[in-house]
Amino acid sequence: MRIEPLALLLVGCVSSAATFDDTRALLPREAQVQTVARRAPAEELSARARQLLARPLDAQAAVEIALVTSPALQAELAGLDVALADLITMSRPTNPELEVEAMFAREGDEEPELTIELGFVLSDLLYAPLRRRIAGEELAAARVNAAGAVLDHAYAVRVAFVELQAAQMLKQTLDAVVASLRASWELTEALREAGNVPGLDVAQQYALYEESRLALAQAELAVALGRERLHVLLGLAGEETGWELAGDLPVPDELALEEDSLESRALDRSFELLAQRHRLEALARRSGLLRSMAAIPEVHAALSAERNGEGAWALGPVVGVQLPVFATGQGPARAAVAKLEVEQHRYAELAVRVRSAARAARHRFVTARERLSFVETTLLPARQAVLAESLLQYNAMALGVLTLLQAQRDLIGAQRAAVEARRDYWLARLELEQVLAGRMVEGSRVEVPGFENAEPAGGH
Amino acid sequence: MDQSKKDRDASLGAVESVEPTDSLAVVREVRTSRRGWLAGASALAAATLAKRALAQAPAHDHAAHAASATASESPTARATGGETPAPRARRSPADAAAARPTPRELIVPPQFDPIDRDDRYVPAVVPNGRTLPFRMVNGVKVFHLIAEPVRHAFCEGMEVEAWGYNGTTPGPLIEAVEGDRVRIYVTNRLPEATTVHWHAVILEAGMDGVGGLTQRNIEPGETFRYEFTFRSAGTYMYHPHWDEMTQMALGMMGMMIVHPRRPATPRIDRQFALMLSEWQVRPGAARPNPLAMNDFNLVTFNSRVFPGTEPLVVEKGQRIRMHFGNLSPMDHHPVHLHGYAFRTVATDGGPIPPSAQVPDTTSLVPTGACRVVELVADHLGDWAMHCHMTHHVMNQMGHDLENTLGMARDRVRQLDRRIGAQVPGYMTMMQDGMGGMSEMGMPTPGNSIPMRGGAGPFGLIDMGGMFTILKVRQGLGGNYADPGWFAHPEGTVARAATPSELSADGIEV
Ligand SMILES: [Cu+2]
């Protein structure tokens, strides 16, 4: 959608590009989403995006691509122009009205009488600046929401990326399980070839091996679906989907938690609250406008030119005032006041939710961090010790190969728990960082057994 | 050991409590013994001569024999000679760890009290073990057995918390003479009650030591008094008869040899007491498992496994006896001797009439029984003596693992690669057999001796468990310390055949 030059003139220097720049300026630096850009529908993938896709893709590169190629995000950003157009619409007064009246005589040959009248709604001109300010607030709210959508999208990409990396790592652990069971099966096969075991032993190991392959197939599906989720978020299709995933889930670095300021930071940064404030401002102004309109009756003015039968022209003004006898304008004014109060309550509720979201994200993060630390410093070493001791017992001929391999698979079980713990750590951390960047998360990805994650109301 | 108990005992000792506690009794015993040593240093010769004269006067015409035996029986001879107590001094290097003095050893009297020895018999040798000292009190031989936890080494590298008597398992050998009146005090330092049953000794029913049946139990801390007369010569055993399943699995057992008042002819030059038993200790564990019923993995002569068993050293031509007593929880042991045929001359039930003695090379010793075998050591050499149940000459062998014997080489390589990728350090084992497994040098759990063998003159002796060596030598001169490996006469050792020998004899290989 392009804004017509005439309309641009009428609303001053508010352009689509400037609106987008203002939106981008709202994005916090640490969210690393400044590269967001507008893109025309069906536009070719940028050279930069191609370059990023050509090498193993990491989370930040995925975000960078999504910020310029995601159709979903582009739709959100294009929505800004709709708000901008509304602003133009509202800034313009009612058009003047031209009325031509001709009267023809039934008899005789007199010229027809002509009446030409050009009328305006005078009070509209008075209210135009007020309307424009209301539309300006609504545009500001739209900008805030658009910036929030950018953050939402980047968060969704990062979450999907973490889950894909975790799925990939979990799949690798199942590769190891399959390899272990394959070794068990081959061992029994070799034992049968040597004449040492009956077919039953081989059949049992073979069955276990094939069962593990079934589980592996599910894990491979999880990886494929994880990639598909990213394709949707990044807006990739066709040849663009051949990218390679870079590495494992990173080892977490230390995240300094400023415990005392978490809530206030979330409140200060909250895009939801900021948008709501703009909406409240708009509502307050609308309420003022409607009250003025109720107090001051609508005034029409017109210039009238009349030609009589003799062809003589007469010129004169017409002024009309609407008499507020039935529709006094009080109704809409009171409705506006009530709606303002409704939204003020919503604002308070939203603030409570933002504070709670900050605390909940912190709880999730701290728990996930502890769980990861426990799994890595306690559970994994415990299982490693079982394997090491099992190997010693195997060397001492006190334990068989199959039991040794079982101990190894038990260690893989602990490694799977470690992958899940690291995944949950990153999901919790992304959620916390998102809340601190000013955006609440809808439907936390950090699952808590026995607890249904409540859907936080977006407030819009 | 119960440290708190030891501390308590020590503190009681420090304040010289009038209540005679167990430890005080031991301290007194040590003092008595040490006094004996000091007195013995000056008065030894006179005392022993006097006692010997007294003892031999009534019935014995074997003065010369006794004298020569005293001179030649190394442990006792050296002890009577006032030298350093011998038994632990002649241990092989492999026993160094086991020979480390423990606090218990420091307070246990030496093997023979020089004052109270009985010269009417040739004392038996106890490989890896000791004989219980006694004191003559008004014509009664007084012994003191202390039932207690002991730290025990099966061989170097394998120590456990066991139970025993007077600091060892098996308990020390009790020796007496037919007709001796004995009084045996039994102090219980175990965490549970015990009794002592004098296995196969014919005595008053109330001295039989069966908890609940013939006496009340000896509770922890109590000392009981048994008194009876050895009516007949013979080979007997002692062991608990209260919770014997636990207490014997932990090592509580000992042998008793009652020598005949009139020694048998021809005379016996040298005899050995060997207690047979079996244990379950998982590799890396350090306490025998009394719950075991089948899978025993340590099978012992005098609670030792080869290579921790002391060899039996004899002079060529000596008439020797071996007294086997089996108190294994669940197994009988066919003990086989190489190089000799022997006759079983007695059981714990008494002597076997010569007409019933059959030549044999293997003596099946049932559990709960003794067998005394006799032979004349006329073949020089190092002769293996072992239980012939092949699993009884294995150390800590596990039985619940895959049998990989005969697995194809390429399969083994493939498995080593595949499993090694999953479990670094993995190696397929025993596909070509299990000989020399202990030399593969793979890391095993601490405090374990799986598949352990011992060094021999021609390489590894791939045996463990109930295995020892009878060393028959000429010209030992009464020194029965381990003489080392047998020096085979030229041309008497099996060796690889040469091609010319093969072709000369028409052997194609
Ligand atoms: Cu046996």
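In the predicted model described here, Arg24(A) and Asp21(A) both belong to helix H2 of chain A (residues 16-25), where they stand three residues apart, about one turn of the helix. Helices (H or I, at least four residues) and strands (E, at least two) are taken as DSSP runs and numbered from the N terminus. The side chains of Arg24(A) and Asp21(A) meet in a salt bridge, with N to O at 3.2 Å, the term being used for a side-chain nitrogen of Lys or Arg within 4 Å of a carboxyl oxygen of Asp or Glu. Arg24(A), with a relative accessible area of 27%, is partly exposed, and Asp21(A), with 41%, is also partly exposed; here buried means under 20% relative accessible area, exposed means over 50%, and partly exposed lies in between (1.4 Å probe, protein chains only). Because the model is predicted, local features need pLDDT of at least 70 and side-chain atom pairs count only at pLDDT 80 or more, whereas totals for chains, interfaces and linings use all residues. Residues are numbered from 1 along each chain as its sequence is written, chains are lettered from A and ligands numbered from 1 in the order in which they are written, and side-chain values use heavy atoms, with hydrogens and water left out.

Asp22(A) forms a salt bridge with Arg143(A), the closest N and O atoms being 3.8 Å apart; Asp22(A) lies in helix H2 and Arg143(A) in helix H6 of chain A, 121 residues apart. Asp22(A) counts as partly exposed, at 40% relative accessibility. Another such link joins Arg429(A) to Asp253(A), whose closest N and O atoms are 2.8 Å apart. In this pair, Arg429(A) is in helix H11 of chain A, and Asp253(A), 176 residues apart from it, is in the loop between helix H7 (199-234) and H8. Arg429(A) counts as buried because its relative accessibility is 7%, while Asp253(A), with a relative accessible area of 46%, is partly exposed. In chain B, salt bridges that share partners join Arg181(B), Arg183(B), Arg225(B) and Glu227(B) into one network, and over all chains the whole structure holds 48 salt bridges.

Arg429(A) is also among the residues in contact (heavy atoms within 4.5 Å) with Phe365(A), which, apart from its neighbours within four places in sequence, touches Leu255(A), Leu257(A), Tyr425(A), Ala428(A), Arg429(A) and Leu432(A). Phe365(A) is one of the members of the largest nonpolar core, a set of 68 residues in which Phe365(A), Tyr394(A), Leu404(A), Ile419(B) and Val423(B) touch the most other members. A nonpolar core is defined as a set of buried Ala, Val, Leu, Ile, Met, Phe, Trp, Tyr and Cys residues joined through side-chain atoms within 4.5 Å. Two or more residues of this core come from each of helix H6 (122-193), helix H8 (262-269), helix H10 (330-395) and helix H11 (401-436) of chain A, together with helix H8 (409-422) of chain B. Of these elements, H11(A) gives the most, with 17 residues. A second, separate core of 46 residues includes Val150(A), Leu230(A), Trp243(A) and Leu245(A).

Between the two chains, the contact takes 34 residues from chain B and 29 residues from chain A. Chain B and chain A bury about 2,700 Å² between them, 64% of it on carbon and sulfur atoms, buried area being the accessible area (1.4 Å probe) that two parts lose on being put together, summed over both. Within chain B, Glu402(B), Arg411(B) and Gln422(B) lose the most area to chain A, together 24% of what that side buries. Two salt bridges are found across this interface, and Arg418(B) and Glu186(A) meet through their side chains in a salt bridge with N to O at 2.7 Å.

Chain B has nine helices and 23 strands, and 53% of its 509 residues count as buried. Pro263(B) lies in the loop between strand E9 (254-259) and strand E10 (270-279) of that chain and, at 22% relative accessibility, counts as partly exposed. The C-alpha atoms of Pro263(B) and Tyr121(B) are separated by 7.8 Å, although the two residues are 142 residues apart along the chain. Asn166(B) is placed in the loop between strand E3 (158-165) and strand E4 (174-177) of chain B and counts as buried, at 5% relative accessibility.
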